[in-house]
Amino acid sequence: MKATEGPESGNHTLMTKFVLSGLSNHPELQNLLFSTFCFIYITTIIGNLLIFVVTVHPSLHTPMYFFLQVLSFLDISTASIVVPRMLVNFLSEDRSISYGGCATQLYCVISLGATEWYLLAAMAYDRYVAICNPLRYAVTMNSRVCLSLVLLSCCSGNVVSVVQTAWVFTLPFCGPRRINYFFCDIPPLITLSCTDTSSYEIQTIVATVFVIITPFCLILVSYACIISSILKISSAEGRRKTFSTCSSHLMVVTLYCGSGTLIYLQPKSSNLQDTKKVLALMYTAIIPTLNPLIYSLRNKEVKEVLIRMTAQLMRK
């Protein structure tokens, strides 16, 4: 690090690296945490790869399962950006991360997270068309439309990430270089700045509205229409089967919305720092592990294909 001095800002420190404090500073917990999150990460990889394998079955070549494949890819990517580095830090005394490495990690986390939110909105639209306009479903949700929705989600997520990462890393950092977090994220980084960050906090809140609240509202509108259509079904069994195709998606959306909004709507709140660590664990490590379980165990079609594929393997 180098010290620099400006007429307005006084003594600043030019950061060449940061130090991640991690989940806990208690040495006796590091091995336990390593074992726990190593198991979680392996489960995430295996579970999401299994979703890929199952959904290539010809009977599951539908838009819903195409979106599910993309969701699994995003979950694997998010976990792989955060968890391996966290595992190394559990067993290492050197928890430093370079300035460029921190910027890259922040960019990837924001890009993948924003893309996932837009994808969840696309999945809600898919369910809306399937249930509310079933006769036009094949025409409306053709392969070109599905691919366009995925590409639009990715492009939007990347634009948001580039803007947010650039904003954060134009801040002058000074004082302690320790990030009270287990990966590089906006809230802990802006607390290291030695300048007024109120405008950056407003930008973060605006981005949160654009990335989380807006897709969430679109999802709510879609499900309001879906529920209205479900209630018109005369058969109780028909209502149950129809709603079961949406319940998994609702569970995932609820988990993401709860953790994301609490973290980014109060980006510089020091009182919630430990709580934010737990919430960040939810969307970077826990939810990617739960998604395959939620979408497979609650999905009759996936379970049937998985049973058939398992039986075929056992006969060989």
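**Cysteines and inner space**

Author: The count here comes to one disulfide, meaning a pair of cysteine sulfur atoms within 2.5 Å. Before going further: this is a predicted model, with local features needing pLDDT of at least 70 and side-chain atom pairs counting only at pLDDT 80 or more, while totals for chains, interfaces and linings use all residues. Residues are numbered from 1 along each chain as its sequence is written, and side-chain values use heavy atoms, leaving out hydrogens and water.

The bonded partners are Cys102 and Cys184, with 2.0 Å from S to S. Their link is left-handed, at -120° about the S-S bond. It ties together distant parts of the chain, 82 residues apart: Cys102 is in helix 3, and Cys184 is in the loop between strand 5 (178-179) and helix 6 (186-190). Helices here are DSSP runs of H or I with at least four residues, strands are runs of E with at least two, and both are numbered from the N terminus. Cys102 counts as buried because its relative accessible area is 0%; the cut-off for buried is under 20%, with exposed over 50% and partly exposed in between, using a 1.4 Å probe and protein chains only. Cys184 is buried too, also at 0%. Cys155, on the other hand, is in no disulfide, and the nearest cysteine sulfur, on Cys154, sits 6.8 Å away.

Now for the inner space. There are two cavities of 30 Å³ or more. A cavity is a set of points on a 1 Å grid, over the protein atoms alone, where a 1.4 Å probe fits but cannot get out, and lining residues have an atom within 4 Å of a point. Points are joined across faces, edges and corners, and the volume is the space filled by probe spheres set on them.

The largest cavity holds about 330 Å³. It has 22 lining residues, and those closest to its centre are Gly113, Ala114, Val211, Ile212 and Tyr264. Elements giving two or more residues to that lining include helix 2 (63-91), helix 7 (198-231) and helix 8 (236-264). Helix 3, which also carries Cys102, supplies the largest share, six residues. The lining splits into 13 nonpolar, seven polar and two charged residues.

The second largest cavity comes to about 30 Å³.

Phe210, in helix 7, counts as partly exposed because its relative accessibility is 46%. Its C-alpha atom is 9.3 Å from that of Ala114, 96 residues away along the chain. Leaving aside neighbours within four places in sequence, Phe210 is in contact (heavy atoms within 4.5 Å) with Tyr118, Val160 and Pro215. Asp75, in helix 2, is buried, since its relative accessible area is 1%. Not counting residues up to four places away, Asp75 touches Thr44, Asn48, Glu116, Tyr256, Pro288 and Asn291.

Zooming out, the chain has 10 helices and five strands, and 46% of its 316 residues count as buried. Of contacts between residues at least 6 apart in sequence, 78% join residues at least 24 apart.

Conventions. On a 1 Å grid over the protein atoms alone, a cavity is a set of points where a 1.4 Å probe fits but cannot get out, and a pocket is an open set with protein on both sides within 12 Å along at least five of seven lines; lining residues have an atom within 4 Å of a point. Ala, Val, Leu, Ile, Met, Phe, Trp, Tyr, Cys and Pro count as nonpolar, Asp, Glu, Lys and Arg as charged, and the others, Gly among them, as polar.
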